[in-house]
Amino acid sequence: MNLMKGLGGERADEVLPGVLDWLRRRGRDDHWFLHVHLWDPHTPYTTPESYGNPFADDPPPAWHTEEVRVRNWERPGPHSAQEPWGFLPDEWGPPPPRQPEQAASMDDVKAIFDGYDVGIRYADDAVGTVMNKLDELGVLDETAILLSSDHGEAFGELGVYADHQAADEATCHIPAILRWPGIDARTYSGLHYQLDLAATVVDLADITLPVGWWNGESVKDALLAGDDAGRDHLVLSQGHRRGVQAQGSGPGLGGDTGPAQGHARGPAPAGIQPLAPGRRPGEEDAGPQAKGQASKPSHAESTHRGRIP
């Protein structure tokens, strides 16, 4: 899919009208499923300039120093420090205002981080708008809501900026926030694959799992018991690049299992975070291309309920 030529990449303010209209017509019915795809945290960072920059006064994460930028500058290729917008010569046209053409200075580095963070905040506002609509319809407390992503984003890890190219934690460590009636909000630290999310939701809905067809493992029992049970390790991969990396605590594994660190600029929302392998010192968490899924009965925790203007 060519995101740069209009096939996808719609902003939240372009997606929300259809979502809100659908909920107005169907939200009070039983047995529905709605998938909402928000592109805003994904390259290109196109949040409207009128939204401003809530992070204007925040510095880049401490690990990304000028020394890191200079080292990355010598690493060539698409979405490198010299080409964070993609490819040169530029076949897509000029980058949007929130996305520098090169990481030629620490001001550029900050602008790249800010473009991404603002996109996340803009998507978060959109989620809040949907939550408010469910509340207005009187169905919020009986609606199950899952927020997750298909990949993260790199911001200097392995020399990559504003893209997802490697079998590394910046790409593969994604969020999963679930709100479900009868399950208390908490952080779940077990190691799990994305495949396990679908298995868990199906199991929570009391639908028989297609054993033998799905590789996902449900964590329903652990959630209901308040346990952190999970896999001993994860094997990460990324497309045709064939990179594989082990993460976990089992014997003989090469993964680093130290404490996580990231550039989060506020408290993490309550919920489930099934992928929690440790980070290397000096590496950065990358958040999601946000994808929200809601179904009824059941529902997810949102710590921010702003409205998209």
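The following legends describe close-up views of a predicted model.

**View 1. Helix α5 and its surroundings.** Helix α5 comprises residues 195-204, and seven of its 10 residues are buried, so the helix is largely enclosed by the rest of the structure. The buried positions are D196, L197, A199, T200, V202, D203 and L204.

View 2. D206 follows α5 in the chain. The phi angle of D206 is positive, with a value near 60 degrees.

**View 3. The buried side of helix α2.** Within helix α2, which spans residues 66-73, the buried residues are V68, R69 and N72. They lie on the same side of α2, because the arc they cover around the axis is only 100 degrees. The partners against which the buried residues of α2 pack are helix α3 (106-136) and strand β4 (161-163).

**View 4. Residue D163 in strand β4.** Strand β4, one of the elements against which the buried residues of α2 pack, contains D163. The relative accessible area of D163 is 15%; since buried means under 20%, D163 is classed as buried. Leaving aside residues up to four places away in sequence, D163 touches T43, H79, E153 and A154.

How values were computed
Residues numbered from 1 in each chain as written. Predicted model: local features only at pLDDT ≥ 70, side-chain atom pairs only at ≥ 80, totals over all residues. Heavy atoms only, no water. Buried < 20%, exposed > 50% of the residue type's maximum accessible area, 1.4 Å probe, protein only. Helix = DSSP H or I, 4+ residues; strand = E, 2+ residues; numbered from the N terminus. Arc of directions from axis to C-beta. Contact = heavy atoms within 4.5 Å.
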